[in-house]
Amino acid sequence: MKTNSAASKPVVNATLASNPFMKKSSLQYQAPEFDKIKDEHFRPAFEYGLQQQLFELSEITGNKAAPTFDNTILALENSGEVLKRAQSVFFNFTSANTNPELQKLQVEFAPKFAAQQDEIYLNDQLYQRVKAIDIQSLTGEDRRLAEYYLQKFEIAGANLSADKKEQLKKVNEELASLSTQFSNKLLEARKEGGVLISDVKELEGLSADEIASAAANAKTAGHSGKYLLALQNTTQQPLLQNLKNRNTREKLFHASWTRAEKGDANDTRKVLEQQAKLRLKKAQLLGKKSFAEWKLQDQMAQKPEKARELLMRLAQPAVETAKRERNEIQSLIDKQKGGFELAPWDWNFYAEQVRKAKYDLDENQIKPYFEVNTVLEKGVFYAAEKFFGITFKKRTDLPVYHPDVITYEIFDKDGTSMAIYYLDFYTRSNKSGGAWMNNYVDQSHLLGQKPVITNVFNYQKPAAGKPSLISYDDVTTMFHEFGHTLHGLFANQKYVSLSGTNTPRDFVEFPSQINEFFALEPSVLKNYALHYETGKPMPQDLVDKIKNADSFNQGYSTTELVSAAMLDMSWHSITDESQLKPTLEFEKEVLKKTGFTLSEVPPRYHSPYFAHIWGGGYSAGYYAYMWSDVLNASAWDYIVKNGGMTRANGDRFREYILSVGNSQDLNQAFKDYTGKDPDIKPLLRNKGFIK
């Protein structure tokens with residue numbers, strides 16, 4: 001096969017020298033110089049960075065000295081500095097603040113980036129050097145890093161014949177291109193898929209602020225005087241909870257469900273079907289029966305069977321609970337003489353009424369106590385200060401990529417500065433759906449780097465001069481994403497590849513999910529649940545209602561999540577192309593076969609807009625949310641039994657879980673932390689499935 005032994009050193013001309021990606025940012029902790037970065041800087045930085053890394057690899061393979069940790073593993077770890085710097089900003093931009101120029105670059109460079117990975121991990125000369133190193137003679141992170149790279153080469157296909165490597169490279173390039181196509185189609189489908197309403201009467205039940213926001217959306221889209229209900233990432237849409245007009249609810253649900261299956265330019269089905277076929281081909285080239293079998297070998301679950309077993313253990317009690325919830329809702333509809341059978345677009349609207357009846361809890365009573373900035377500073381930050389001792393200072397001197405972005409500096413318990421942290425709260429037409437955490441700069445003792453982290457959300461932006469009031473679900477999302485931030489913040493590794501959130505998928509959601517528990521911790525809730533007008537804390541009776549209602553609708557929410565995970569695992573567990581069928585038919589058969597037959601409870605993500613698995617990195621890995629949930633419930637059970645929200649517990653969680661990155665075996669790390677293996681029972685209890 002082709003090697004990179006002849007790669008030439010790239011030349012830096014005067015124009016390139018002024019490119020902000022060519023050198024480390026002069027800002028604190030190398031925070032990106034957003035005020036200097038322009039769209040036109042990415043292409044030359046990518047082209048130079050790709051060539052520079054190939055040259056660095058050729059120096060490794062051309063080294064006449066015997067392979068050592070320093071001249072092979074460490075040299076590989078440190079290669080591609082310019083490329084990595086440009087990619088970190090680019091990938092954040094294409095998710096949070098894209099535009100047509102960036103989308104074109106994304107389409108053009110996705111296969112090139114995939115090819116670069118193959119130039120590394122399918123390079124036989126490089127692999128032979130890695131394999132020649134005596135790993136047993138190494139210790140600590142050096143040993144872990146050497147093991148990490150050896151496994152990465154072998155999982156990628158370094159052992160394949162030259163002919164199969166060439167086949168694999170073509171498959172990888174095509175998959176990268178298809179993933180980008182899927183993401184761009186879905187973004188457009190989401191933008192184009194909103195529901196345009198002419199008569200404000202059809203929006204009865206929405207708040208004045210929500211109606212104003214819909215009017216602003218319509219104006220931005222060129223429909224002044226009308227109302228645009230924009231789509232969010234998931235199947236169910238938040239506005240369905242309050243819309244009284246059943247016809248409007250049905251329109252909104254239908255728009256969500258069919259957004260990417262209209263037979264137009266934004267239809268994703270052919271693209272995802274191609275991806276499923278190519279992923280199977282890739283797995284079989286690599287000697288595995290299915291893509292899931294190949295993908296899970298370096299995860300905590302290790303085998304698809306173990307992941308499926310977990311999903312089925314959750315599925316049965318979840319579906320049974322959802323059936324009882326459905327019957328309760330249907331009884332309410334019948335009592336009100338509705339004259340119709342419950343449909344998916346009715347669930348949230350009537351579930352909210354059942355919740356009010358059972359717990360006397362009205363979401364609209366709660367929202368005034370959840371102003372977004374107060375939740376952040378007096379809730380999320382306050383909990384982190386109490387549990388871990390860290391503090392926060394707002395920064396207005398650092399450049400940002402959009403006016404909505406706010407910035408903080410984070411300090412450790414001893415007052416030492418730790419990190420720069422960005423937040424991007426509000427939904428935009430050029431932002432991908434959902435919420436996430438990313439690093440602009442990863443922590444590394446070797447490189448002297450402290451983390452620069454971002455959290456991105458999709459909360460509805462309020463009309464000018466209005467407060468940003470969010471739901472309790474939105475509150476838990478903020479705590480969740482900050483849990484990822486804590487994981488990156490407390491990273492304590494020598495090497496970037498082992499640092500912070502660079503862990504298996506089925507571990508990475510554990511720190512984020514456990515952080516959700518702090519949203520309802522009494523001292524934390526009391527501190528941030530303040531009325532946006534009066535500043536008064538939420539009355540205790542309302543607090544009690546939220547807590548009592550916390551396990552409400554768990555049958556529904558767990559069923560929609562587990563069914564989505566089962567769809568993902570099924571798409572990636574095929575062992576022969578003949579098992580694939582057209583998207584909608586395949587999905588229908590999987591749901592029926594696995595017992596998800598409640599039509600009123602659709603999957604959280606329908607296959608055509610399942611961005612996690614077709615446009616993101618969760619292919620054969622969406623089960624990770626549930627796997628991590630078992631870890632999180634077990635760990636919280638341990639914390640509660642050992643004194644709850646104490647600094648001692650925070651320090652221990654930081655030491656054993658948050659600060660280890662991927663520097664040790666994570667199954668063992670969990671056992672060291674709690675003294676035992678994770679147990680599913682605390683999770684089933686938390687969801688109300690068992691007592």
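I located Asn553 in the loop between helix 20 (540-548) and helix 21 (554-571); helices here are DSSP runs of H or I with at least four residues, numbered from the N terminus. I note that the model is predicted, that local features need pLDDT of at least 70 and side-chain atom pairs pLDDT 80 or more, and that totals for chains, interfaces and linings use all residues. Residues are numbered from 1 along each chain as its sequence is written, and side-chain values use heavy atoms, without hydrogens and water.

Most residues other than glycine have a negative phi. I found that Asn553 has a positive phi, near 65 degrees. Asn553 is buried (under 20% relative accessible area), at 15%.

I then turned to Asp360, in the loop between helix 14 (344-359) and helix 15 (363-366). Asp360 is not a glycine, yet its phi is positive, about 55 degrees. At 47% relative accessibility, Asp360 is partly exposed, a class that lies between buried and exposed (over 50%).

For the helix pair, I looked up helix 2 (residues 42-61) and helix 6 (residues 124-132), which pack at about 55 degrees with axes 9 Å apart. The axes are lines fitted to C-alpha atoms over the stretch in contact, and the angles run from 0 to 180 degrees between N-to-C directions.

Methods. Helices (H or I, at least four residues) and strands (E, at least two) are DSSP runs, numbered from the N terminus. Buried means under 20% relative accessible area, exposed over 50%, partly exposed in between (1.4 Å probe, protein chains only).
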